[in-house]
Amino acid sequence: MVLTATDPFEYESPEHEVKNMFHATVATVSQYFHVKVFNIDLKEKFTKNNFITISNYFESKGILEINETSSVLEAAPKQMIEVPNCITRNANASPKICDIQKGTSGTVFYGVFTLHKVRCENTEHKL
């Protein structure tokens, strides 16, 4: 089941081309996944509470990536599932600051964040 999907946005590909993509969050009966969709023609399938089946996707660091070779189809009525509220709640929750501080370099965090105050510290060390 599709939980959320962003509007398409531009990014620069490794080939230095400007392309479009969008992010989504989908869930099964037991877990949720963050999704990068590189085929914006699939945007109509990624509407909230829509049931879909995804095949030929790539998984990288726990994030599903959907490209031109992937298949996304509307689920048949018998394929529809009941996503538990706890899965939906966890998928929509922003990570806590302590979780971000524990994260290693390169860790991806999804959520909504608000910057309240910027504090600059002098990082020069006296020798």
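The legends below describe several close-up views of a predicted model.

**View 1. The second largest pocket and the residues that line it**. In this predicted model, the second largest pocket holds about 260 Å³ of space. Its lining is made up of 14 residues, and those lying nearest the centre of the pocket are Met 1, Ala 27, Thr 28, Ile 52 and Thr 53. Two strands, E3 (18–27) and E5 (52–55), each supply at least two residues of this lining, and E5 gives the most, with 3 residues.

**View 2. The largest nonpolar core, with Val 37 as one of its residues**. The largest nonpolar core has 13 residues, and the ones with the most contacts inside it are Val 26, Val 35, Val 37, Phe 46 and Ile 66. Strand E3, strand E4 (32–37) and strand E7 (63–66) each supply at least two residues of this core. When residues up to four places away in sequence are not counted, Val 37 touches Met 21, Phe 22, Leu 42, Phe 46 and Ile 66. Another core, of 8 residues, lies apart from the largest one, and its residues include Met 1, Leu 3, Ala 27 and Ala 91.

**View 3. An aromatic pair formed by Tyr 11 and Phe 38**. A search of the whole structure finds 2 aromatic pairs, and the one shown here is edge-to-face, with the rings of Tyr 11 and Phe 38 lying 5.7 Å apart from centre to centre and their planes at 65° to each other. The pair links distant parts of the chain, since Tyr 11 belongs to strand E2 whereas Phe 38 belongs to the loop between E4 and E5, 27 residues apart. Tyr 11 is partly exposed, with a relative accessible area of 22%, and Phe 38 likewise counts as partly exposed, at 25% relative accessibility.

**View 4. An aromatic pair formed by Phe 22 and Phe 46**. The ring centres of Phe 22 and Phe 46 are 5.5 Å apart and the ring planes stand at 70°, so this pair is edge-to-face. Phe 22 lies in strand E3 and Phe 46 in the loop between E4 and E5, so the pair ties together parts of the chain that are 24 residues apart in sequence. Phe 22 counts as buried, at 0% relative accessibility, and Phe 46 counts as buried at 2%. Both residues are also touched by Val 37, and Phe 46 is one of the residues with the most contacts inside the largest nonpolar core.

**View 5. Contacts of Thr 28 and Pro 84**. Pro 84 is found in the loop between strand E8 (71–74) and helix H1 (85–92), whereas Thr 28 is found in the loop between E3 and E4. Leaving aside neighbours within four places in sequence, Pro 84 is in contact with Thr 28 and Val 29; although Pro 84 and Val 29 are 55 residues apart in sequence, they are 6.5 Å apart in space, C-alpha to C-alpha. With its neighbours within four places left aside in the same way, Thr 28 is in contact with Phe 33, Ile 81, Val 83, Pro 84 and Ile 87. Thr 28 and Met 1 are 27 residues apart in sequence, and their C-alpha atoms are 6.5 Å apart in space. Pro 84 is partly exposed, with a relative accessible area of 30%, and Thr 28 is also partly exposed, with a relative accessible area of 30%.

**View 6. Positive phi values at His 16 and Asn 56**. Most residues other than glycine have a negative phi. His 16, although it is not a glycine, has a positive phi of about 65°, and its place is in the loop between strand E2 (9–12) and E3. Asn 56, another residue other than glycine, has a positive phi near 60° and is found in the loop between E5 and strand E6 (58–60). His 16 is exposed, with a relative accessible area of 65%, and Asn 56 is exposed as well, with a relative accessible area of 56%.

Terms used. Residues are numbered from 1 along each chain as its sequence is written. This is a predicted model: local features need pLDDT of at least 70, side-chain atom pairs count only at pLDDT 80 or more; totals for chains, interfaces and linings use all residues. Side-chain values use heavy atoms; hydrogens and water are left out. On a 1 Å grid over the protein atoms alone, a cavity is a set of points where a 1.4 Å probe fits but cannot get out, and a pocket is an open set with protein on both sides within 12 Å along at least five of seven lines; lining residues have an atom within 4 Å of a point. Grid points are joined across faces, edges and corners, and a volume is the space filled by probe spheres set on the points. Helices (H or I, at least four residues) and strands (E, at least two) are DSSP runs, numbered from the N terminus. A nonpolar core is a set of buried Ala, Val, Leu, Ile, Met, Phe, Trp, Tyr and Cys residues joined through side-chain atoms within 4.5 Å. Buried means under 20% relative accessible area, exposed over 50%, partly exposed in between (1.4 Å probe, protein chains only). Contact means heavy atoms within 4.5 Å. Rings of Phe, Tyr and Trp (its six-membered ring) pair if their centres lie within 6.5 Å; planes under 30 degrees apart count as stacked, over 60 as edge-to-face and the rest as tilted.
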